Amino acid sequence: MTRAGTAAEVFIAFLRLGVTSFGGPIAHLGYFRDDLVTRRRWMDDRAYADLVALCQFLPGPASSQVGFAMGLQRAGFLGALAAFLGFTLPSAALLVAFAAGASLFGGRVGGGILDGLKIVAVAIVAQAVWGMARSLTPDAPRAGIAVVAAASALFIPGAFGQLGALVLGVVAGLVLLRGVAEPPADALPSFGVSRVVAIGCLAVAALALIGLPALAAVTGSGAIALADAFFRSGALVFGGGHVVLPLLQAEVVQTGWVSPDAFLAGYGAAQAVPGPLFTFAAYLGDISSVGPGGLAGAAIALGAIFLPGFLVLLGVLPFWDALRGRPRVRAAMRGANAAVVGILGAALYTPVFTTAVTGPGPFVLALAGFVLLTAFRTPAWAVVIVGALGGIVLAFV
């Protein structure tokens, strides 16, 4: 099929996002929407929300899966690879540098920059919630679904609350939203993955999950053991982001591969850099006592932790293409999309707002960022710079 863009275009777009997307997976979805949906118009809000809802249901890093799928839709498999590399390499490189002793965020200025970037995330997520709510919760039933989903995500901790909110949204959509009129389903983008490729990807994921532990035991290879540990962590986590940390701690700290102090130091650094939190794997692979260590260990760990989520996504997309045009599936997705708005709203409150807004100064800076984004149409990367400078000012004031 003819693609609308090129892999180079996708790489440049996601490289910029990889350098400027602070604030965690929920904020990343806001950055994606602002740049790729609102500004570049790679897909519309409805298709984007469908994709976000799907990735929330799958194991792996949800924001990276959304980016991977958008690159795939824009420029094929090379576009998907370009999206992954562009979004992931900046934070992975910074964390590998940190592993080598290059601490980049020390002192009052560095702390102010980090605080400012957290505050910017409030504005980015607020803009995403506001924009998606206007298009995805235009009536009372869907607004009600969003409120219930927000309550579920807030009062039930972790991935279970989010998955429960999505399930409630699906059920409510089937019951309440069957008669809602929408544009034809063929207006949605196709990802162009054949069913043969999809089944092959699912088979590879299953074989790797079963075969890597056995292969590591038979060969005694540290590199294979490292790949197995990080592949298993990426395959068994739902919700992405911070949810993966207990799995990684069990794989590398409890086994003695990485010391507890080094693990916590790397986790702190991972909070300070843009891009996906899963790039924490690059730091751990670099310093691990098992495997080749250094850049080779970082590359093995980084590839292994992302791979299962991408394989599962590719395995599901063609069936998703076929299913999502059916009336009942569309009704379910309308409910799920409303639930996504609620989940984003819950994340706006905690951890984004409660972590970043600690007084009047941070609140004013967050409000200024929101106004710049919504009223002045300022690009997100420029608001990131304003937030970093504002954070420095607040640190000294």
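Buried means under 20% relative accessible area, exposed over 50%, and partly exposed in between, with a 1.4 Å probe and protein chains only. The model is predicted: local features need pLDDT of at least 70, side-chain atom pairs count only at pLDDT 80 or more, and totals for chains, interfaces and linings use all residues. Residues are numbered from 1 along each chain as its sequence is written, and side-chain values use heavy atoms, leaving out hydrogens and water.

**Exercise 1. Check the span of helix H1, then list its buried residues and their packing partners.**

Step 1. Helices are DSSP runs (H or I, at least four residues), numbered from the N terminus. The expected span is 1.5 Å times one less than the number of residues.
Step 2. H1 covers residues 7-20, so its 14 residues should span 20 Å. Its end C-alpha atoms are 20 Å apart, which agrees.
Step 3. Val10, Ala13, Phe14, Leu17, Gly18 and Thr20 are the buried residues of H1.
Step 4. An α-helix has 3.6 residues a turn, so residues three or four places apart point the same way.
Step 5. Contact means heavy atoms within 4.5 Å. The buried residues of H1 pack against helix H2 (25-39), helix H4 (62-99) and helix H16 (380-396).

**Exercise 2. Describe the packing of H4 and H12.**

Step 1. Axes are lines fitted to C-alpha atoms over the stretch in contact, and angles run from 0 to 180 degrees between N-to-C directions.
Step 2. H4 and helix H12 (residues 280-287) pack at about 35 degrees, with axes 8 Å apart.
Step 3. H4 contributes Ala92, Leu95, Val96, Phe98 and Ala99 to the contact; H12 contributes Phe280, Ala282, Tyr283, Asp286 and Ile287.
Step 4. These contact residues divide into nine nonpolar, no polar and one charged. Ala, Val, Leu, Ile, Met, Phe, Trp, Tyr, Cys and Pro count as nonpolar, Asp, Glu, Lys and Arg as charged, and the others, Gly among them, as polar.

Notes:
Helix = DSSP H or I, 4+ residues; strand = E, 2+ residues; numbered from the N terminus.
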